[in-house]
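Open the model in your viewer and keep the selection tool at hand. This tour goes stop by stop.

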Amino acid sequence: MVDLQSQYLRIKQEIDAGIQDVIDSAAFVKGPKVTDFQHHLEAYTGARHVIPVGNGTDALQIALMGLGLRPGDEVITPTFTFIATAEVVALLGLTPVVVDVDWETMNMDIASVRRAITPRTKAIVPVHLFGQCADMEALMALAEEHHLYVVEDACQAIGARYTFANGETKQAGTIGHIGCTSFFPSKNLGCYGDGGAIFTNDDELAAKMRAIANHGMVVRYHHDMIGVNSRLDSIQAAVLDAKLPHLDEYIAARQKAAAYYDEAFKDCPALLVPGRQAHSTHVFHQYTLRVTGTDRDKLREGLAERGIPAMIYYPVPLHQQKAYLDPRYKDGDFPAAEKLAACVLSLPMHTELDNEQLEYITSSVLALCRK
Ligand SMILES: *Cc1c(COP(=O)(O)O)cnc(C)c1O
């Protein structure tokens, strides 16, 4: 699905030098590399504050802690996504409220969000699924109307750009009150272990979340609030700082591979290519087909026999996950999400795909669909 080795070899010198610097300085935790990377990422994203943390899930948890939400407060998130958003909501004793997604873009459906708002709703957590922003202009307007916070899960969408009706553009993760991202190795900007970051333009929230990520500590050994221990380590920051200048090239390589897939599959009656979200670029963390005219699992097996990995992101929506079963929800409540879970298939997507590989993958998919 990904080829991190070839990507490393192309910038081996920069990465090795960065890691060696950290070892030489022995500043493994909270070293200058972390601050350098923070500033470079602030410049890249346009976020006023970047807070490096231990991983993307921690970023989401610290964001919700920073908002001071209380048990019983409702947080709205899409049901077709990775588990992290619902997980941190549940861990904090908040109430996850799930909504359906759009069949085309697979992103949170804004009309469903509107219907899910109650007097207890405090925040909305959109997920920019597979690399394109949710409909943020409509979502921010809805949030403002109801005085709700918006925490963007931009773990799959770093570098995606959203254009507002007035022509203004902003990066994924910098539109809501808080944005979160992950540097898990396979993410579009991945490190060599775990890592994550929080984005915000709000000075007060930034100071609070920075303290929460560091045991709730502002002055050493004085704990003003309950916190956690979540930090990006210096070696990971060195890797990320070496990769960040290449992020736009990486995105372009993914977009080029996606265009190849789109063109190859556009007339195949068994498949639907990923729908595009109006006003957002797509950075293709995943290229996800909807397999509507042939057996998805057989197609996947056929590809595996030809040495082509294909993955199902995600096979079970949140409301059907064992740990999150809830009498408020039953099968059939979220038709688009349930249909997607039954038909999605993600193809190999990374920065190192060449035309020969793409030709092999696409001709294999098409041949299996014709069978
Ligand atoms: C990867 C991911 C996360 C969690 O990131 P980690 O760094 O693995 O904790 C959260 N949400 C989404 C949508 C993700 O893809």
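**Ground rules**

This is a predicted model, so local features need pLDDT of at least 70 and side-chain atom pairs count only at pLDDT 80 or more, while totals for chains, interfaces and linings use all residues. Residues are numbered from 1 along each chain as its sequence is written, and side-chain values use heavy atoms, with hydrogens and water left out.

**Stop 1: the interior**

Select F80, F183, L271 and L347. In the largest nonpolar core, of 92 residues, these four touch the most other members. Helix 10, residues 247–265, gives the most to this core: seven residues. A nonpolar core here is a set of buried Ala, Val, Leu, Ile, Met, Phe, Trp, Tyr and Cys residues joined through side-chain atoms within 4.5 Å. Buried means under 20% relative accessible area, exposed means over 50%, and partly exposed is in between (1.4 Å probe, protein chains only). Helices (H or I, at least four residues) and strands (E, at least two) are DSSP runs, numbered from the N terminus.

As background, nonpolar side chains tend to be buried together in soluble globular proteins.

Now centre on L271. Which residues does L271 touch, not counting those up to four places away in sequence? They are F265, L289, R290, V291, T292, L299, V365 and C369. Contact means heavy atoms within 4.5 Å.

Next, select L60, V75, I178 and A206. They are among the 26 residues of another core, which lies apart from the largest one.

**Stop 2**

Show the surface and pick I23, F28 and V29. Together they make a nonpolar surface patch of about 260 Å². Patches are made of residues with over 30% relative accessible area and no salt bridge; like charges are joined within 9 Å, and nonpolar side chains (Val, Leu, Ile, Met, Phe, Trp, Tyr) within 5 Å. Accessible areas come from the Shrake-Rupley method with a 1.4 Å probe, and for residues only the protein chains shown count as cover.

V29 lies in the loop between helix 2 (12–25) and helix 3 (32–45). V29 counts as partly exposed because its relative accessibility is 46%.

Stay in that loop and select A26, which is also found between helix 2 and helix 3. A26 is not a glycine, yet has a positive phi of about 60°. At 49% relative accessibility, A26 is partly exposed.

**Stop 2: salt bridges**

How many salt bridges does the structure hold? There are 13. The rule asks for a side-chain nitrogen of Lys or Arg within 4 Å of a carboxyl oxygen of Asp or Glu.

Select R120 and E74. They form a salt bridge, with the closest N and O atoms 3.1 Å apart. R120 sits in the loop between helix 6 (110–116) and strand 4 (121–124), and E74 in strand 2 (residues 74–78), so the pair ties together parts that are 46 residues apart in sequence. R120 is partly exposed at 46% relative accessible area, whereas E74 is buried at 7%.

Move to K266 and E263. Their side chains meet in a salt bridge at 2.8 Å, N to O.

Then take D333 and K330, a salt bridge whose closest N and O atoms are 3.1 Å apart. D333 is partly exposed at 29%; K330 is exposed at 57%.

**Stop 3**

C133 is in no disulfide; its nearest cysteine sulfur, that of C155, is 13 Å away. C133 is buried, with a relative accessible area of 0%.

**Stop 4: backbone details**

Select Y313 and Y314. A cis peptide bond joins them, with omega about 5°. Y314 is in the loop between helix 11 (296–305) and helix 12 (335–343).

Jump to M106, in the loop between strand 3 (95–99) and helix 6. M106 has a positive phi of about 65°, although it is not a glycine. M106 is buried, at 2% relative accessible area.

Finish at A278, in the loop between strand 10 (271–272) and strand 11 (287–291). A278 is partly exposed at 44%.

Key: A disulfide is a pair of cysteine sulfur atoms within 2.5 Å.
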